[in-house]
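User: I'm new to this structure and would like to learn how to read it. Could you walk me through a few features?

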Amino acid sequence: MTQKPLPVGVENFEMLVTRGYFFIDKTCFIKELIDKKSAVNLFTRPRRFGKTLNMSMLQYFFEDERERDGGKKDNSALFEGLAIMDAGEPYLAHMGKYPVISLTLKEASQPDFQTSYTLLTYEIAREYDRHSFICAGECLEPHEKEKYRRIMAWKGTEADHLSSLQFLCSCLKKYYGREAILLIDEYDVPLENAFFNGFYEQMARFLQGLFGAALKTNNSLEFSVITGCLRVSKESIFTGLNNLKIISILNDQYDEYFGFTNEEVKKLCDAYHMPQKFELIQDWYNGYLFGKANVYNPWSVIQFVDDLKENPQRYPSSYWANTSSNSIVRSLIDRADDETKSEIEALIEGKTVEKPIHEDITYGEMYDSMDNLWNFMFFTGYFRKAHQWANGDGHQYAELAIPNREVKHIFRTKILSWFEEKIREKDLSNLYTAFVNLDTETFEQELNELLMETISFNDAYESFYHGFMAGVLSKMKGYKTRSNRESGYGRSDLILQPITRRKAAFVLEFKIAKSFSELEERAHGALRQIEEKRYEQELNNDGYAVVHKYGIAFFGKDCLVRLRTESGDSQ
């Protein structure tokens, strides 16, 4: 039997069903939405956790969709065999009965306000065009048709656009005889983008006007569902909106509808005959806690299972690393003090850190405190809540942890590389002078100071220090740095060779000590290895008459440097 294709990157519900993709049934989300009857629902979840697909599913279920000529389309077949069809008539009575406005704000991530604003108005114009059949009848007054066509043709004024969603709801109600449903996906993308590109206030004012008109006292609105990555302060965007229900990762409601549960991942593994891979998938992509539901990153799970279909020996990758903006994480790194660096080290080691939790903040407040940055990272998926409590004043606190190996990999690669990038921007002339002049005391002191500025962890592996040293020494003018070169009877860690053979070349070997007291022994061991394996041979063969040897041992943020010169002297 042919296996169903996996929906890698498929976010359209109709396409997923009609093209026969494997589907994790989340249609009970519809039932719960009908039961709760909230007027305006804001769901905040990390990027790539199924928000867009769920919004598409809501549209195909609720919408009384029409052809360009106004003829009805029946989408009920898309839901055959799915859980919502067993919910009963009170729920199925809502299927295909409402006009629906569906917007995504993903494309508004642009370098300036005007371009972002233009793309937002294009998105609104597309929805006007999708419902253009309502202009053919007599339900709209001539002045309403004129405004409708002006917005649809991208010729609307700013005032037109600020009222465009409310106006479209009103027009649809006149045509259908019932209130519209408004779906807005990724509402905060233009806000995050505007913040990092310097036009946040302009974008916030526009969205405040757009959302305020559409969501507050709109008699043509049945209900609205909004999704985003972050909750943004009610006062900044949703001013005066008293009917807003915010469902974040801290809420128990709707907790299992974004992301995959244990049982759903087991079902996926069984469907593709790889139950033995379940524990590996669990180790890498599980660990998020939304409300009371423990969930997996669906984007990464689907990608990995798809790769395993082609190569059963495939090792897991960090698929999620480049799917979301890393600007917030970079901001944490750029502002990290010694305490923050220690906390990041603890997290990488598998420990937790305690932080106050507060959702009601704005992008404009992001840099007001380090706690705000920690909160932004928590709500964007870089941490999981290990434990939560409130103090006597009702303030919320949580123990935060890295959720899984995928996110730990992001920390160990991107975040480490950003620290190393900061180091490479420093003036290292004293270090280089000491290195070339064989001043081991100053060289060691400069290295220790650099190590204090980066992050390390107790299970630090030799390649971390190897990469650190390669990055530090690679900027030395007049020298070429080569890593792990085949030479003599083995492979030296690092070789520095001057462009001119009249100067001395260098061989470096690194060792990890298990304790501070072991540093001396390990540094001398590194020197012995260089000599026993004759790592300098390649340099001698290449015409370098003088080769100096550095043995460097590391323990956490401490290092010890030992030197053996060409003459055989040791330091």
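**Reading the model step by step**

User: Before we start, what kind of model is this, and how are its residues numbered?

Analyst: This is a predicted model, where local features need pLDDT of at least 70, side-chain atom pairs count only at pLDDT 80 or more, and totals for chains, interfaces and linings use all residues. Residues are numbered from 1 along each chain as its sequence is written, and side-chain values use heavy atoms, with hydrogens and water left out.

User: How many helices and strands are in the protein chain?

Analyst: Helices (H or I, at least four residues) and strands (E, at least two) are DSSP runs, numbered from the N terminus. The protein chain has 22 helices and 17 strands. Its C-alpha trace spans about 100 × 55 × 55 Å along the principal axes.

User: What share of the residues count as buried?

Analyst: Buried means under 20% relative accessible area, exposed over 50%, and partly exposed in between (1.4 Å probe, protein chains only). Here 55% of the 571 residues count as buried.

User: And how do I read contacts along the chain?

Analyst: A contact means heavy atoms within 4.5 Å. Take the contacts between residues at least 6 apart in sequence: 70% of them join residues at least 24 apart.

User: Where is threonine 352 found?

Analyst: Threonine 352 sits in the loop between α15 and β8 (353-356). With 36% relative accessibility, threonine 352 counts as partly exposed. Its contacts, again without residues up to four places away in sequence, are Leu347, Ala386, Glu399, Leu400 and Ala401.

User: How do I read a helix pair, say α5 and α10?

Analyst: Axes are lines fitted to C-alpha atoms, for helices over the stretch in contact, and angles run from 0 to 180 degrees between N-to-C directions. The axes of α5 (residues 113-130) and α10 (residues 200-215) come within 10 Å and cross at roughly 20 degrees. So α5 is roughly parallel to α10 (under 35 degrees is roughly parallel, over 145 roughly antiparallel, 65 to 115 roughly perpendicular, the rest oblique). Phe113, Ser116, Tyr117, Leu120 and Ile124 in α5 meet Gln202, Met203, Phe206, Leu207 and Leu210 in α10. By class, this contact has eight nonpolar, two polar and no charged residues (Ala, Val, Leu, Ile, Met, Phe, Trp, Tyr, Cys and Pro count as nonpolar, Asp, Glu, Lys and Arg as charged, and the others, Gly among them, as polar).

User: Why is α9 called roughly antiparallel to α10?

Analyst: The axes of α9 (residues 189-197) and α10 come within 8 Å and cross at roughly 160 degrees. That makes the pair roughly antiparallel. Pro190, Leu191, Ala194 and Phe195 in α9 meet Tyr200, Met203, Ala204 and Leu207 in α10. By class, the contact of α9 with α10 has eight nonpolar, no polar and no charged residues.

User: How many disulfides are there?

Analyst: A disulfide is a covalent bond between the sulfur atoms of two cysteines. The rule used here asks for a pair of cysteine sulfur atoms within 2.5 Å, and the count comes to zero. For cysteine 171, the closest cysteine sulfur is in cysteine 135 at 7.2 Å, too far for a bond. Cysteine 171 is buried at 1% relative accessible area.
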